[in-house]
Amino acid sequence: MERRGTQRSNPSNETPGGHRNPHQGKTASPRFKLEMQSNQWLRIRLIAKDPNVRFNNLLTRINIESLREAFVALDGSKAIGVDRMTKQQYGERLDENLGDLLNRIHLGTYRPQPKLRVMIPKANGKLRPIAISCFEDKLIEWVLAKTLNAIYEPLFIPTSYGFREKKSAHNAIQTLASCLEGNKHPHVVEIDFANFFDTINHRRMILILQKRIADKRFLSLISRFLTVGILEESGQTPSLTTVGAPQGSIMSPVLANVFLTECLDQWFLDRYSKDGSLIVRYADDAVFAFKTESLALEFLTALKSRVELFGLRLNEDKTKFVPLQKHSGNVLTFLGFTFYWGHALGSKRKQLKVKTAKDSLRKKLAEYGEWLKKRRGSTPTNTLWKITAAKLRGHYEYFGFVTNRSALSYFFGQIKWMLFRGLNRKSQRGSYSWKSFNQRLLHLPLPQPPPINCLKILYHQSIYNQGRRPAWSI
């Protein structure tokens, strides 16, 4: 790993430091193997705290134990790839399959199979392409992603929240609210990349990885996954690609974070953090807050040149400067929420608030209506009721901020009305009157929005009232 020696011929007998395993030749217990595997990832993370270190011998991290760990971690209910192999089928001869796979990897004969592309609807009515890997390829991708996360996690900035352990979209919302609430950074730039995952330049991606990774065989394996063909719905497989890390791939999230850390995050901090400017990013969605309008506009101009240098493009319709002073009347949309200034409860004082964005609300209601339409004829009423309750709880969990309770109540009312209408259309004999429907609600109530004291707080006063530059802008 951090040593620059040659790789040994039998990587399964090596520990994370590259030394021979003292337990070689002995039968290790499953618990011991699990502990050793956990220590492997921890060791990489500890060494990775040194920003100047380069890692070698990383291909030894792909061994029987890490592949088995990947097998356990992968969800067997997910969509299957072009080979139609399921997790259950692969596991019937697991030891034999993993041994053969590991042998091909270290001989250099392993080649990923084409990914299967499916299209799913987006909130704006367009379609998002999702690439589905074969199960065996997913095992390798899982180990590669785990290794890359261990190497790069210490380098990611604190206010990058997408696809990272112990970080969430809620953290991003709360951090942004804390930045804006004090009205000290009212000049905001929100950006949106045009087809970000499909335009990541492979050559640039490998050059970025080479700064931290010296193992050419490990990089070559990543490159094979990047360039593998995509099987279109027409059944035609295109030639090897030079751009794109398709969404749906297990490696795509960490590769995206590595790419944007180099292209955007560090560049922004180096140039603008000394002026107290702030960045909050979740995957390829980012918001920047500035103290002055001139600095925000200067950044927006420089940003376009910066992303073009890395082969990316901005969505001009969604990338814009937003003056967000208390009395501006403007709003900001981020991660499905609308940020706006409104009156505090029982006061004339202006307070920063969030509510469910109109597009997000329409999308969620439309998705529920479509689901109900498809399921009402073949699904028992009790099952429809339980699934509806689960969908409501999931909505409250994501959108459940203190200032958003009215939107939660509206969503509940709409879902209740849609369920009433859907059950009435299920069959004439089983129709409900509004009275009988409400009587059923008394016996089997649907979850209502939580009370305010059970909702998530939006921001922490201590973050922006300390009179010093926040830690994430350093």
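## Strand E3 and its partners

E3 and E6 pair in the antiparallel sense, with six bridges between them. In this predicted model, E3 is also joined to strand E7 (residues 320-323) by four bridges, and that pairing is antiparallel as well. Strands of a sheet pair through backbone hydrogen bonds, in either a parallel or an antiparallel sense. Val-189 can be followed into both neighbours: its bridge partner in E6 is Phe-288, and its bridge partner in E7 is Phe-321.

E3 is mostly covered, with six of its six residues buried. In a regular strand, side chains alternate between the two faces of the sheet. For E3, both faces are covered: one side carries His-187, Val-189 and Ile-191, the other carries Val-188, Glu-190 and Asp-192, and all of these are buried.

Asn-195 lies in the loop between strand E3 (187-192) and helix H7 (202-210). The phi angle of Asn-195 is positive, at about 50 degrees, although the residue is not a glycine.

The number of aromatic pairs in the model is 29. In the pair formed by Phe-193 and Phe-196, the ring centres are 5.4 Å apart and the planes stand at 45 degrees, so the pair is tilted. Phe-193 counts as buried at 4% relative accessibility, and Phe-196 is buried with a relative accessible area of 3%.

Ala-283 is found in the loop between strand E5 (278-282) and strand E6 (285-290). Its relative accessible area is 8%, so Ala-283 is buried under the 20% cut-off.

One aromatic cluster is formed by Trp-267, Phe-268, Tyr-272, Phe-288, Phe-290 and Phe-299. Phe-288, one of the cluster residues, is the residue of E6 that bridges to Val-189.

## A sheet of three strands

An open sheet of three strands has the order E2-E1-E4, and its pairing is mixed. The edges are held by strand E2 (127-132) and strand E4 (230-231); each has a single partner strand, so one side of each is left without a neighbour in the sheet.

Strand E1 (residues 115-121) and E2 run antiparallel and are joined by six bridges. Within this pairing, Arg-117 stands opposite Ala-131 in E2.

Rolling a probe the size of a water molecule over the atoms shows where empty space is left. Two cavities of 30 Å³ or more are counted in the model. The largest cavity has a volume of about 70 Å³. Its lining consists of 13 residues, and those nearest the centre of the cavity are Lys-78, Ile-80, Lys-87, Phe-135 and Lys-138. By class, the lining of the largest cavity divides into five nonpolar, four polar and four charged residues.

The second largest cavity holds about 50 Å³ of space. The residues lining the second largest cavity are Lys-115, Glu-141, Phe-225, Leu-226, Gly-244, Ala-245, Pro-246, Ser-249, Met-251, Ser-252 and Leu-255. Helix H8 (216-227) and helix H9 (252-272) are the elements that give two or more residues to this lining. Six residues of the lining of the second largest cavity are nonpolar, three are polar and two are charged.

## Gln-351 in strand E10

Gln-351 belongs to strand E10 (residues 350-356). With a relative accessible area of 16%, Gln-351 is buried because the value falls under the 20% cut-off. Leaving aside residues up to four places away in sequence, Gln-351 touches Glu-181, Tyr-340, Trp-341, Gly-342, Ala-344 and Tyr-459.

## The chain as a whole

The protein chain has 15 helices and 10 strands. Of its 474 residues, 48% count as buried. Among contacts between residues at least 6 apart in sequence, 73% join residues at least 24 apart.

Conventions. Residues numbered from 1 in each chain as written. Predicted model: local features only at pLDDT ≥ 70, side-chain atom pairs only at ≥ 80, totals over all residues. Heavy atoms only, no water. 1 Å grid on protein atoms, 1.4 Å probe; cavity = no way out; pocket = protein on both sides within 12 Å on 5 of 7 lines; lining within 4 Å. Points joined across faces, edges and corners; volume = space filled by probe spheres on them. Nonpolar A, V, L, I, M, F, W, Y, C, P; charged D, E, K, R; others polar. Pairing = 2+ DSSP bridges. Buried < 20%, exposed > 50% of the residue type's maximum accessible area, 1.4 Å probe, protein only. Contact = heavy atoms within 4.5 Å. Phe/Tyr/Trp six-rings, centres within 6.5 Å; stacked < 30°, edge-to-face > 60°.
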